[in-house]
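Subject: Handover of a structure and the findings from it

Dear colleague,

I am passing the following structure to you for your records. Please find the findings set out below it.

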Amino acid sequence: MKLTAKNLPVFMRVTILSMIVGTLAWELVERLVELAGGVLDLGVGPIGFDAEVLAVWIEVNPGTLLGIVPAIVLLRRL
């Protein structure tokens, strides 16, 4: 399926959801490696903004970026 204005909102939702799942999965992998006695820390962040009233911060790790791949593959298969 080609990316059009009609399916862009669906693509954005799936991409954001995939990025969240990828972030959580990478965090789980980091914790499992830590329990095994190793160290795996490839995260960057926190990245965000603080506007006195609202503050948004996100930690970016390789799982966040790898989460984009399933979203693109899923959209192409539909």
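In which helix is Thr-23 found? Thr-23 is found in helix α1. Helices here are DSSP runs of H or I with at least four residues, strands are DSSP runs of E with at least two, and both are numbered from the N terminus.

Before the details, two remarks on the basis of the work are in order. This is a predicted model, in which local features need pLDDT of at least 70 and side-chain atom pairs count only at pLDDT 80 or more, while totals for chains, interfaces and linings use all residues. Residues are numbered from 1 along each chain as its sequence is written, and side-chain values use heavy atoms, with hydrogens and water left out.

The chain as a whole

The chain contains 3 helices and 2 strands, and their order along the sequence is α-β-β-α-α. Its radius of gyration, taken over C-alpha atoms, is 16 Å, whereas a compact globule of 78 residues would have a value near 12 Å (the globule rule is 2.2 Å times the number of residues to the power 0.38). Along the principal axes, the C-alpha atoms fill a box of roughly 45 × 35 × 10 Å.

Of the 78 residues in the chain, 18% are buried. Buried means under 20% relative accessible area, exposed means over 50%, and partly exposed lies in between, with a 1.4 Å probe and protein chains only. The chain exposes about 6200 Å², of which carbon and sulfur atoms supply 71%; the areas come from the Shrake-Rupley method with a 1.4 Å probe, and for residues only the protein chains shown count as cover.

Among contacts with a separation of 6 or more, 48% are between residues 24 or more positions apart, a contact being heavy atoms within 4.5 Å. The side chains include 6 positive and 7 negative ones, and the centres of the two sets lie 28 Å apart. Lys and Arg count as positive and Asp and Glu as negative, without His and the chain ends; each charge is placed at NZ of Lys, CZ of Arg, CG of Asp or CD of Glu.

Apart from neighbours within four places in sequence, Thr-23 is in contact with Glu-59, Asn-61, Gly-63 and Thr-64.

Thr-15 is also found in helix α1, and Thr-15 counts as buried because its relative accessibility is 9%. Beyond its neighbours within four places in sequence, Thr-15 is in contact with Ile-68 and Ala-71. Thr-15 and Glu-34 are 19 residues apart along the chain, and their C-alpha atoms are separated by 28 Å.

Helix α1 covers residues 8-35, with Leu-8 in it. Leu-8 is partly exposed, at a relative accessible area of 37%.

Helix α2

Thr-64 belongs to helix α2, which covers residues 62-66. With a relative accessible area of 3%, Thr-64 is buried. Its side chain is joined to that of Thr-23 by a polar contact of 2.6 Å (a pair of N or O atoms within 3.5 Å; within protein, one must be able to donate a hydrogen and the other to accept it, and residues adjacent in sequence count only if both are side-chain atoms). Not counting residues up to four places away in sequence, Thr-64 touches Met-19, Gly-22, Thr-23 and Glu-59.

Leu-66 is placed in helix α2 as well, but Leu-66 is exposed, with a relative accessible area of 54%. Leu-66 and Val-21 are 45 residues apart in sequence and 9.8 Å apart in space, C-alpha to C-alpha.

Yours sincerely
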